[in-house]
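Dear colleague,

Please find the structure below, together with a short account of what was found in it.

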Amino acid sequence: MGTPVKDVVISSNAIKTLLLQKHADYIAEYGDKKDDYEYVMTEFLRMNGMYWGLTSMALAGQLDRMDKSEVIDFVQKCQHECGGFSCSIGHDPHLLSTLSAIQILHLFDAVDSVDTEAVVQWVKSLQQSDGSFYGDKWGEVDTRFSFCAVACLTLLNRLDVVDVDKATEFVLSCMNFDGAFGCRPGSESHSGQVYCCVGFLSVTGRLHHVKADQLGWWLCERQLPSGGLNGRPEKLPDVCYSWWVLASLKIIGRLHWIDKEKLVEFILACQDEETGGFADRPGDVVDPFHTLFGLAGLSLLGETSIKNVNPVLCMPEELIRRLSVPLQYL
């Protein structure tokens with residue numbers, strides 16, 4: 001007998017309806033609890049956390065509940081002289097928090113409130129001779145940073161400042177025999193990295209390099225009997241992969257290969273009907289990260305009470321269209 005597949009069991013009395021208002025209330029209240037242990041201990045993720053929460057509110061159609069001036073003031077204070085943004089005031093700038101900062105500013109139509117030319121030049125300075133990007137001055141290389149770099153520049157309409165051909169060469173060098181991608185050449189395929197690399201190729205207009213059927217098959221194999229999706233073989237399902245996997249499938253035109261009904265059932269079961277919010281798996285503690293990707297996943301699956309989400313940039317589709325961001329799909 002083979003080893004049993006790692007999975008969760010969906011209870012027969014699991015939540016089967018979307019508690020959208022509770023999720024909006026959960027996010028709106030989260031930022032008010034600045035003395036809570038959880039809030040204090042997540043300072044290193046503050047900018048990303050604000051992006052997750054604010055995008056959740058935008059997709060729920062309730063962004064106007066958030067304090068725009070407070071948000072913009074925080075983002076401005078996180079920009080360094082070099083141009084990059086840090087995760088919180090007093091931390092070092094990083095590409096991950098810089099992309100979140102630019103996305104947040106676009107949500108509030110406030111990009112002009114920061115030095116965008118400094119952002120552009122800083123992102124440009126992080127590209128290496130092999131086309132890869134450092135995440136910050138300390139030199140870590142990861143395909144996540146390739147995506148963050150081109151996404152930032154595209155949202156600022158300045159993709160021309162980097163060597164896109166070399167950047168594409170590096171990303172393609174991270175493609176594996178299974179058609180999926182890792183964080184660096186030779187690294188294990190992972191759903192999160194697939195999203196970053198497919199998103200990179202969409203932003204740069206290079207999606208023709210993707211082996212769409214092979215990659216689509218690998219992504220669909222991430223679905224488990226519970227309906228949930230995992231990040232790589234032999235791992236438990238997690239709500240966040242409802243985004244990384246589904247968004248990738250949407251970009252390459254293979255979203256219909258997933259069992260939609262089973263996945264919706266899994267995502268809905270990960271809600272907390274008392275506090276609002278989504279957890280990684282049913283019964284676990286909720287957080288803003290999984291709340292955004294639970295909502296975004298349901299949006300891709302056709303949930304009409306949630307605004308349409310853009311599969312490349314994880315922002316409201318109406319905003320991406322208004323900005324005329326050039327993105328490619330198969």
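What share of the contacts in the chain with a separation of 6 or more is accounted for by residues 24 or more positions apart? Such residues account for 68% of these contacts, a contact being heavy atoms within 4.5 Å.

This is a predicted model, in which local features need pLDDT of at least 70, side-chain atom pairs count only at pLDDT 80 or more, and totals for chains, interfaces and linings use all residues. Residues are numbered from 1 along each chain as its sequence is written, and side-chain values use heavy atoms, with hydrogens and water left out.

The chain has 14 helices and zero strands; helices (H or I, at least four residues) and strands (E, at least two) are DSSP runs, numbered from the N terminus. Its radius of gyration is 19 Å, close to the 20 Å that the globule rule gives for 330 residues, so the chain is as compact as a globular protein of that length. The radius is taken over C-alpha atoms, and the rule is 2.2 Å times the number of residues to the power 0.38.

Of the 330 residues, 59% are buried (buried means under 20% relative accessible area, exposed over 50%, partly exposed in between, with a 1.4 Å probe and protein chains only).

Yours sincerely
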